[in-house]
Amino acid sequence: MRAQFVLSEIGVGLRRNLTMTFAVIVSVALSLALFGGALLMREQVSTMKDYWYDKVNVSIYLCNKADAATAGKCPKGAVTGQQKERIEADLKDMDIVESVHYETSDEAYKHYKEQYGETALASVVTPDQMPSSFRVKLKDPEKYKVVATAFAGRDGVESVQDQRNILQNLFDLMNGMNIAALCVMGLMLVIALMLIVNTVRVSAFSRRRETGIMRLVGASSFYIQMPFIMEAAFAGLLGGGVACVLLLAGRYFLIDHGIALADKVQLIQFIGWDAVFAKLPLVIAIGLLMPAVAALIALRKYLKV
């Protein structure tokens, strides 16, 4: 009987504040969708780092005749055969180095033509202008500075380049988007909490006579507050459900179908469905608990009989 009464009171409250309840559902859904999207964006960045950092190399570019003729570059001249052998031997002796590949000037020129053959600059570049290099794969890409410190400035070495820097701008952009999503989520969350408090306040005011009678006949505070808390929790649960649908739809249309980024951008390893499904329980839990706690705090202030 008590459960039936509580459920009936929840229905009454939702019908009386239908527009505000709808606003709560929409604001909770948007804020939680942004929250889930931010979590997925962070996981996407982490996945991309793991994927690409495992493939990038440290490049040690050697001096050639063109570098030696340029002021400020390679003042001791082009690299000699003995210097190359010494650099390669030192690289292979390092514990952090997994493999070393030597790329000749002709090979570098061939790769350059494959990538930039259609540009105007490619038509005037000659093989002797391309530097030979050692492509070094590290066991731990984070230890790039060990190699840079050991070989930068050595005779025959023009520069040491960490290829992670090429990807860092992309990761910085994605992290910036993640922070922006979290800021918007925080704003939407504040709006949702304000709507929840106002909805509970209006609902408590419209039923002040009923709650007064319940108090007079001996009903406990918890029993009186339960319908209001359940109303807010139900609206939050619906908002969390909508947020989950938005996250699933976003993964489906952005990556698999519709825009189909997985087919158009094959160089990126996108997060799978398992990552999305793993975030849904958290979204639902927050959608359920956040309005309930906000309603409880609001009731302590506005439900005084």
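## Disulfide and other cysteines

Cys63 and Cys74 are both buried. In this predicted model, the two residues form a disulfide, with their sulfur atoms 1.9 Å apart. The count of disulfides comes to one. The torsion about the S-S bond of Cys63 and Cys74 is about -80°, so the disulfide is left-handed. Cys63 lies in the loop between β1 and α3 (65-68), and Cys74 in the loop between α3 and α4 (81-93), so the pair ties together parts that are 11 residues apart in sequence.

Cys183 is exposed, its relative accessible area being 52%, whereas Cys244 is buried, with a relative accessible area of 8%.

Strand β1 covers residues 58-62 and is mostly covered, five of its five residues being buried. Val58, Ile60 and Leu62 point one way from the strand, while Ser59 and Tyr61 point the other way; all are buried.

β1 pairs in the antiparallel sense with strand β3 (residues 133-138) over four bridges. In this pairing, Val58 stands opposite Val136 of β3. β1 also pairs in the antiparallel sense with strand β4 (residues 157-162), here over five bridges.

## Glu103 in strand β2

Glu103 is placed in strand β2, which spans residues 97-103. With a relative accessibility of 5%, Glu103 counts as buried. The side chain of Glu103 makes a polar contact of 3.0 Å with the side chain of Arg135. Not counting residues up to four places away in sequence, Glu103 touches Ala108, His111, Ser132, Ser133 and Arg135.

## Helix α6

Helix α6 comprises residues 144-151, and within it Tyr144, Val147, Ala148 and Phe151 are buried. Seen down the axis of α6, these buried residues fall within an arc of 100°, so they line one face of the helix. An α-helix has 3.6 residues a turn, so residues three or four places apart point the same way.

The face of α6 turned away from the buried side carries the exposed residues Lys145 and Thr149. After α6 comes Gly153, which has a positive phi near 85°.

In soluble globular proteins, nonpolar side chains tend to be buried together. The largest nonpolar core here has 29 residues, and those with the most contacts inside this core are Val28, Leu40, Ile196, Val200 and Val283. The elements that give two or more residues to this core are α2 (18-53), α7 (164-206), α9 (221-256) and α11 (273-302). The most is given by α11, with 10 residues.

Leaving aside neighbours within four places in sequence, Val200 is in contact with Ala295, Ala298 and Leu299.

## Val242 in helix α9

Val242 has its place in helix α9. The residue is partly exposed, with a relative accessible area of 36%. Val242 and Val26 are 216 residues apart along the chain, and their C-alpha atoms are separated by 8.2 Å.

Note on methods. Residues numbered from 1 in each chain as written. Predicted model: local features only at pLDDT ≥ 70, side-chain atom pairs only at ≥ 80, totals over all residues. Heavy atoms only, no water. Buried < 20%, exposed > 50% of the residue type's maximum accessible area, 1.4 Å probe, protein only. Arc of directions from axis to C-beta. Pairing = 2+ DSSP bridges. Core = buried A, V, L, I, M, F, W, Y, C linked by side-chain atoms within 4.5 Å. Contact = heavy atoms within 4.5 Å. Polar contact = N/O pair within 3.5 Å; in protein donor to acceptor, adjacent residues only side chain to side chain. Disulfide = S-S within 2.5 Å.
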